[in-house]
Amino acid sequence: MKKIHLLVNLKSGSNRGEKALKQIETVLKNEKMDYDIHISNYPGQLVPLATKVTNEISSGTEYVIVVGGDGSLNQALNGVKNSEQPNTPLAYFPAGTGNDFARAAKLETDPLKLIRHLKNNPTVTKVDCGKYHDLINGETRYFVNNLGIGFDAYVVNKTNHSKLKTKFNKINIGNLKINIGNLTYGINIVQALKGQDNFKVRVSTNGHTSYYEHAYLVTTTNHPYFGGGVPILPIASIHNHQLDIAIVEKPNLAKFIYLFSKLLINGSHMKSNQFHYFESSAIEVKTDDPEYGQLDGEELSKRKFHLKFEVDHFDLLQ
C-alpha cells in the first residue's frame with residue numbers, strides 16, 4: 001500500500017497551510033490511503049523534519065508531500081539534500097502567499113487531483129534548482145526560486161518585522177476581509193523605493209566579470225517569477241539547466257513605474273539600459289557593503305555577500 005508523508009507549515013500564507021492540510025486529509029481518508037503528518041512548529045524546522053522522514057523511507061511507494069509556501073519547499077528540499085537519500089522525490093501542494101515555484105512548474109492546486117494522481121499514476125520529473133556556496137561564512141544551501149539582494153530583500157525584511165503583520169493576520173469588517181500580510185507587503189514596496197540605496201556589486205558569468213556601482217536589485221533566479229508572480233526574467237526556466245541573474249540599477253520613481261509597467265505588460269523592461277541579465281550554469285556575486293538578502297522569500301541577515309552559484313536539480317513528484 002502506498003503511504004503519504006505530509007510535511008506541513010500550518011502558518012504559511014496567513015494560515016492557508018492549515019486549510020490545505022484539512023482538505024488533503026479529507027481526500028486521503030476518502031481514498032483510504034495511509035499517511036502521517038509532520039508539522040513545523042518553528043521557523044526552519046522543516047529542514048530536520050524532511051531529513052528525518054527521508055532517512056526513514058524504505059519503499060518506493062512512500063511519497064513526501066510538502067504543504068506550505070515556497071519557503072517551506074525550500075526547507076524540505078534542503079532537508080532532503082542533506083539526507084542519506086538525497087534523490088528522494090518531493091511533491092508540493094502550494095499553500096503560501098506567492099507560490100512562485102508552483103506557478104513556474106504548473107503544479108496541481110486541486111488536492112483531490114493531486115492525491116488521486118499520486119495514488120494511480122505518479123510521475124517523477126527532474127527539474128532545476130539553484131545551489132550556492134557562501135565564500136564568507138562557508139554556508140551551502142539550495143533554492144527553488146531565487147536569492148535576491150537589495151530591493152526585494154528589503155521588502156521581505158520590512159514585511160516580516162512589521163508590527164501590523166505581527167499583531168494581525170486579517171481584519172474582518174462585515175463580509176470584507178483585508179489580508180494584512182499582503183497590505184503590509186504593498187506598503188513596504190513603496191517604502192523600499194525610498195529606503196533601498198544603490199550599492200556596488202561584482203557579477204561573474206561565463207568567464208566575464210561586470211561591475212555595477214549603482215545596483216538596486218540583484219536576483220539570481222531559477223525561473224521567471226518573484227514576489228508572487230512578477231515575471232522579472234521571462235526567459236528563465238526550471239528545465240534549461242541554467243540559472244539567470246538580473247541586475248537593476250537604481251531608477252528614479254518615474255523610471256521605476258515605467259519599468260514595472262513594462263515588466264507586467266510585455267517583458268520589454270529587459271531592453272532598458274538600467275536592466276542587465278546573464279544566463280549561466282555558474283554565477284559569482286560579490287557586494288562591497290552589507291545589504292539585505294532573501295532566499296525563496298525568507299530573509300537572510302543583512303551582510304556582505306560573496307556567493308558562488310551553480311545549477312543543480314531535484315526530483316519533482318507529480
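This is a predicted model: local features need pLDDT of at least 70, side-chain atom pairs count only at pLDDT 80 or more; totals for chains, interfaces and linings use all residues.
**Entry 1: conventions**

I count helices (H or I, at least four residues) and strands (E, at least two) as DSSP runs, numbered from the N terminus. Residues are numbered from 1 along each chain as its sequence is written, and side-chain values use heavy atoms, with hydrogens and water left out.

**Entry 2: the chain as a whole**

I looked up the secondary structure and found nine helices and 19 strands in the chain. Of its 318 residues, 51% are buried, where buried means under 20% relative accessible area, exposed over 50%, and partly exposed in between (1.4 Å probe, protein chains only). The chain exposes about 14900 Å², of which carbon and sulfur atoms supply 51%; such areas come from the Shrake-Rupley method with a 1.4 Å probe, and for residues only the protein chains shown count as cover. I then looked at contacts (heavy atoms within 4.5 Å): among those with a separation of 6 or more, 74% are between residues 24 or more positions apart.

**Entry 3: strand S11 and its partners**

Which strands does S11 (residues 208-221) pair with? I take two strands as paired if DSSP finds at least two bridges between them. Strand S7 (residues 146-150) runs antiparallel to S11 and is joined to it by five bridges, with Gly150 opposite Leu217 of S11. Strand S10 (residues 199-205) is also antiparallel to S11, with six bridges, and there Ser204 has Thr209 as its bridge partner. I noted that S10 and S11 make a hairpin with two residues between them, and that Asn206 in the turn has a positive phi of about 50°. Strand S14 (residues 243-249) pairs with S11 in the antiparallel sense over six bridges, Thr219 standing opposite Ala246 of S14.

**Entry 4: Ser280**

I next followed Ser280, which belongs to strand S15 (residues 275-280) and is buried, with a relative accessible area of 3%. A polar atom of the Ser280 side chain lies 2.8 Å from the backbone oxygen of Ala282. Leaving aside neighbours within four places in sequence, I find Ser280 in contact with Thr205, Asn206, Gln242 and Leu243; of these, Asn206 is the turn residue of the S10 and S11 hairpin.

**Entry 5: helix H6**

How many of the ten residues of helix H6 (residues 151-160) are buried? I count eight, so the helix is mostly covered.

**Entry 6: salt bridges**

Glu56 and Lys52 form one of them, with the closest N and O atoms 3.0 Å apart. Both residues lie in helix H2 (residues 46-56), four residues apart, about one turn of the helix. An α-helix has 3.6 residues a turn, so residues three or four places apart point the same way. Glu56 is exposed, at a relative accessible area of 51%, whereas Lys52 is partly exposed, at 47%.

The side chains of Asp100 and Arg103 meet in another salt bridge, at 2.8 Å from N to O. These two are three residues apart in helix H4 (residues 100-105), about one helical turn. Asp100 counts as buried, at 5% relative accessibility, while Arg103 is partly exposed, with a relative accessible area of 35%.

Asp312 and Lys81 are bridged as well, their closest N and O atoms being 3.1 Å apart. Asp312 lies in strand S19 (residues 306-317) and Lys81 in helix H3 (residues 70-81), so the pair ties together parts that are 231 residues apart in sequence. I recorded both Asp312 and Lys81 as buried. I also noted Glu31, Arg116 and Lys119, which are linked in a network of salt bridges.

**Entry 7: a nonpolar patch**

Where is Phe260 found? I place Phe260 in helix H9 (residues 253-265), and it is partly exposed, with a relative accessible area of 35%. Together with Leu264 and Ile265, Phe260 forms a nonpolar patch on the surface, with about 320 Å² of accessible area between the three. Patches are made of residues with over 30% relative accessible area and no salt bridge, like charges being joined within 9 Å and nonpolar side chains (Val, Leu, Ile, Met, Phe, Trp, Tyr) within 5 Å.

Conventions:
A salt bridge is a side-chain nitrogen of Lys or Arg within 4 Å of a carboxyl oxygen of Asp or Glu. A polar contact is a pair of N or O atoms within 3.5 Å; within protein, one must be able to donate a hydrogen and the other to accept it, and residues adjacent in sequence count only if both atoms are side-chain atoms.
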